Amino acid sequence: MKLIENWKQGYKLKSVQIGALSAIFYALILFCDQFIQVWNLIPQDLKNYIPEQWKEIVGCFVGVAMILARLKKQPELHGVNQFVTVTAGHSNVDPGAVNGKIKEAELVTNFRNAVAFYLRAAGIDTRTDGSGVKNDPLSAAIKLIKGSSAAVEFHMNAAASKQANGVETIALPQDKKLAQDLSAAVATALGSRLRGDNGWIDQTKSARGSLAYINAGGLIVELGFISNEAELAAFQARYWIAAKAVADVLIQYEKAR
């Protein structure tokens with residue numbers, strides 16, 4: 001590559017100056033939040049050492065960065081939908097379905113915790129019906145749904161037949177796509193199959209009747225059958241993998257909003 005003659009004087013060219021300003025402006029768009037955070041961390045004593053001839057220029061950069069930071073999309077400034085809710089079925093006083101000493105409520109509490117871990121690691125504001133081994137009752141879980149962009153509760157199915165198997169998500173028709181994506185994520189991770197309409201069970205046509213959690217705007221993911229020994233073993237061995245897959249679906253759902 002050959003440079004123009006007198007390239008060392010290139011900074012005097014208007015095209016170079018405009019290009020440099022455009023690059024700086026683009027960098028401010030990308031990193032305005034970080035720029036302001038760093039600026040605010042600098043002690044005022046050090047700021048006082050900025051030469052007078054540079055103070056106006058620095059002030060302009062700070063002002064532009066503040067404007068850009070304010071104009072960038074901020075969930076808290078755009079309605080109430082600003083967090084994801086993940087809850088565990090049943091509660092500490094209601095074990096749900098059981099298989100020997102294994103309780104549904106305990107399995108789904110562990111799963112809730114794992115999903116919440118991955119969501120928070122990705123920077124998603126996440127609310128849960130307890131932490132650790134705490135699993136609040138349904139009435140408390142339902143209260144968390146209001147204002148959430150997505151609310152998902154985890155359960156495990158049970159049946160008289162130990163051969164019954166598969167993953168499904170019960171939801172209203174408007175949440176069909178999300179329900180199918182959640183079921184597919186779990187089924188793939190656990191090596192299971194999809195029940196219903198590619199993993200979606202329409203509550204309005206379900207034999208379970210009307211479920212309060214779904215009526216409040218949530219989805220219920222049935223992670224498999226606790227009564228099926230093979231599915232139970234797969235869940236216990238791979239629930240962290242399935243939880244990450246579920247979290248990834250919810251993260252993509254948030255990004256697409």
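Okay, let's start with what a cavity is: on a 1 Å grid over the protein atoms alone, it's a set of points where a 1.4 Å probe fits but cannot get out. Grid points are joined across faces, edges and corners, and a volume is the space filled by probe spheres set on the points. This is a predicted model, where local features need pLDDT of at least 70, side-chain atom pairs count only at pLDDT 80 or more, and totals for chains, interfaces and linings use all residues. Residues are numbered from 1 along each chain as its sequence is written, and side-chain values use heavy atoms, with hydrogens and water left out.

So, how many cavities of 30 Å³ or more are there? The count comes to one. The largest cavity holds about 30 Å³ of space. Around it sit Leu 190, Ser 192, Leu 223, Gly 224, Glu 231 and Ala 234, the lining residues, meaning those with an atom within 4 Å of a point. Strand S8 and helix H8 each give two or more residues to that lining; helices (H or I, at least four residues) and strands (E, at least two) are DSSP runs, numbered from the N terminus.

Let's stay with H8. At its N-terminal end, Asn 228 is the cap, with a side-chain oxygen 3.0 Å from the backbone nitrogen of Ala 230.

Next, the second largest pocket. A pocket is an open set with protein on both sides within 12 Å along at least five of seven lines. This one has about 220 Å³ of space. It's lined by 17 residues, and the closest to its centre are Leu 138, Glu 153, His 155, Leu 211 and Ile 220. Which elements give two or more residues to this lining? Those are helix H5 (138-143), strand S5 (148-157), helix H7 (212-215) and strand S8 (219-225).

Last bit: backbone angles. Most residues other than glycine have a negative phi. His 90, not a glycine, has a positive phi of about 65 degrees, and it lies in the loop between strand S1 (83-88) and strand S2 (98-99). Asn 198 also isn't a glycine, and its phi is positive too, about 50 degrees. You'll find Asn 198 in the loop between helix H6 (176-190) and S7.

Technical notes: A polar contact is a pair of N or O atoms within 3.5 Å; within protein, one must be able to donate a hydrogen and the other to accept it, and residues adjacent in sequence count only if both atoms are side-chain atoms.
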